[in-house]
Amino acid sequence: MKKIIGLILFCTLPFISTAQLMDGKKKLTRNDTLRGMLSPARACYDVTYYQLDVRLDMAKKRVIGNNMIRFKVTENFKMMQIDLFENMLIEKIVYKFQNIRFRRDGNAVFVEMPEVLKKGDTAEIAVFYYGSPIIAKRAPWDGGFVWTKDKEDNTWVTVACQGTGASLWWPCKDHQSDEPDSMLLKVTVPRGLYNVSNGRLRKTTVLRDSTIRQEWFISYPINTYSVTLNVGKYTLGRDTFVNTTNDSLTLDYYIMPYNAEKAGVQFEQVKPMLACFEKYFGPYPFYRDGFKLVETPYLGMEHQSAVAYGNGFKNGYLGTDLSGTGEGLKFDYIIIHETAHEWWGNSVTTADIADMWIHEGFGQYAEALYLECEYGKESSQKYLNGLKKNVDNTEPIIGMYNVNQEGSGDMYPKGALLLNTIRHVINNDSIWFAVIKGVATEFRHSITTSAAVEKYMSEKSGVDLSKIFKQYLRLKDLPILEVELTPEKTDLIVKYRWITEVTFFDMPMRVTTSKGKYGWVTPDLQVKTMRLSNMRVEDFRIDEKSFYIKSRVIGPR
């Protein structure tokens, strides 16, 4: 398991048998609680290693396999929970060469050990299973397998399961807080096809039944949703990235042969991107396992060391600019955004998907930093401001804990805009970039929470950011800066205050304090007044390009 930073394990929590909570849209179910809560039956053990062995039956769209789960006991127990969707059938579960009892409760499987396992022990079980995994209707937005054909009518099979869960296709402890220290993934497919998974290819075995088995070893902790397979008639392109300290990273590109020329051009963005991200976030987190882009029939996904790519070899997001400014067409959205997740999501991982803004907000902010690195700060700020039109502000971007529910999709643009706002509140780029790199390096290869990251950012910056985080993460509305302007001879009387639910909210702001020049004010919930000499109403501006707020300006009556 990864190291845990700022996380409380719920070993002593009573198990919640039903969930009657509402998130405003969906009534949560018992399955949501079983999946989302780190209950005693899950907190009692810590996965250290998976050895997953699967065979794909292409004709029946079926998976047959077994998974050896090795774990360390963290609390004495006799009953443990693993996860596997109920449409996938378990043939047997083996412990010390004997079949043991288990029972199902929806997508959860409760395994009864024949003896009490003691804290500190290391043990393992093997789960033998088979079935037809759910098929994604619109991957990657819904989880499941994609069974399709490439343009030359060759079999092409992939999977994406973030949110829905890895347990839709393999048995595991399907909770984001627990990752194995390493993993071996064996995939058997018909000869003539090739499987690409996470980590390094260790061994290829040609079997007698016209199949081939490939074994991929992942040497770092990996989240279950990030484990992947990609089966097709791939061709391989190779390159190497050497960073400023002469570390060499292998770059492997698995693509359809007919797209080789396009990929050769489009993937030239990879090296400068890696250089920029290492500048801002520190070293690539998975050097031993290398970096891969793997072409997929769906848009993309941040599978660790095997990033899924399906953006059509175009800049932007399927050829469009999410910001509407033109800046988003300067880079391939999937290459940049999904690779950013190697740092934000795959290395720094939140224990609960309710905090997933850490993955997606930092991921989208990384796009802006790539622009800043390659094209300058003006490009970056223009892109970020263009993203404002994509924010709904109808729900908080932190979701409900313990029920496998993420927050609003605003976590992408609003998360990025929050970070940009904090950058300007700190008002010192050397400190700001030290904070960002500090989060990526201090929380590297760890499981954490939004609260722990927020605390670190306040301490590292020397600025109390707690009220800002509360406003932007836990409330749906933006703070409103209300300003009343009154001319008085040659001067301008300015009354100003924040309107917000956050008690003692006092985020500093930049406004014009003299003609053509910005200065700092520190509004709070009480009305403050200042006199600006030789200023007219039309000269007054609020720096809404550096801060993501709403403003309400009341002119002369």
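## A hairpin to start

Strands E17 and E18 make a hairpin, with five residues between them. Asparagine 246 sits in the turn and has a positive phi of about 65 degrees. E17 covers residues 235-242 and E18 covers residues 248-255; they pair in the antiparallel sense over eight bridges. Threonine 235 stands opposite isoleucine 255 in E18. Strands (E, at least two residues) and helices (H or I, at least four) are DSSP runs, numbered from the N terminus. Two strands pair if DSSP finds at least two bridges between them.

## Model and confidence

This is a predicted model, in which local features need pLDDT of at least 70, side-chain atom pairs count only at pLDDT 80 or more, and totals for chains, interfaces and linings use all residues. Residues are numbered from 1 along each chain as its sequence is written, and side-chain values use heavy atoms, with hydrogens and water left out.

The pLDDT is the predictor's confidence in each residue, from 0 to 100. Its mean for the protein is 95, and 96% of the residues reach 70 or more. Over residues 9-24 the pLDDT is below 50. Beyond near neighbours in sequence, that stretch has 34 contacts in the model. Contact means heavy atoms within 4.5 Å.

## A parallel sheet

Three strands form an open sheet in the order E1-E23-E22, with parallel pairing. The edge strands are E1 (3-4) and E22 (348-350), and each pairs on one side only. E22 pairs with E23 (residues 446-448) over three bridges, in the parallel sense. Valine 348 stands opposite serine 446 in E23.

## Nonpolar cores

In soluble globular proteins, nonpolar side chains tend to be buried together. A nonpolar core here is a set of buried Ala, Val, Leu, Ile, Met, Phe, Trp, Tyr and Cys residues joined through side-chain atoms within 4.5 Å. Buried means under 20% relative accessible area, exposed over 50%, and partly exposed in between (1.4 Å probe, protein chains only).

The largest nonpolar core has 96 residues; Trp357 and Phe540 touch the most other members. Helix H6 (residues 357-375) gives the most to this core, with nine residues. Apart from it lies another core, of 52 residues, including Ile82, Ile93, Ile100 and Val227. Leaving aside neighbours within four places in sequence, phenylalanine 540 is in contact with Val483, Leu485, Leu492, Val494, Val511, Thr512, Met530, Leu532 and Met535.

## Packing of helix H11

Helix H11 spans residues 466-474. Its buried residues are Ile468, Phe469, Gln471, Tyr472 and Leu473. They pack against H6, helix H8 (413-426) and helix H10 (450-461).

## Cysteines

The structure holds one disulfide. A disulfide is taken as a pair of cysteine sulfur atoms within 2.5 Å. Here cysteine 276 is joined to cysteine 373, with S to S at 2.2 Å. The torsion about their S-S bond is about -80 degrees, so the disulfide is left-handed. Cysteine 276 lies in helix H4 (residues 270-281) and cysteine 373 in helix H6, so the pair ties together parts that are 97 residues apart in sequence.

Cysteine 276 counts as buried, at 1% relative accessibility. Cysteine 373 counts as partly exposed, at 26%. Cysteine 172 is in no disulfide; the nearest cysteine sulfur belongs to cysteine 161 and is 8.3 Å away. Cysteine 172 is buried, with a relative accessible area of 0%. Cysteine 44 is also buried, at 3%.
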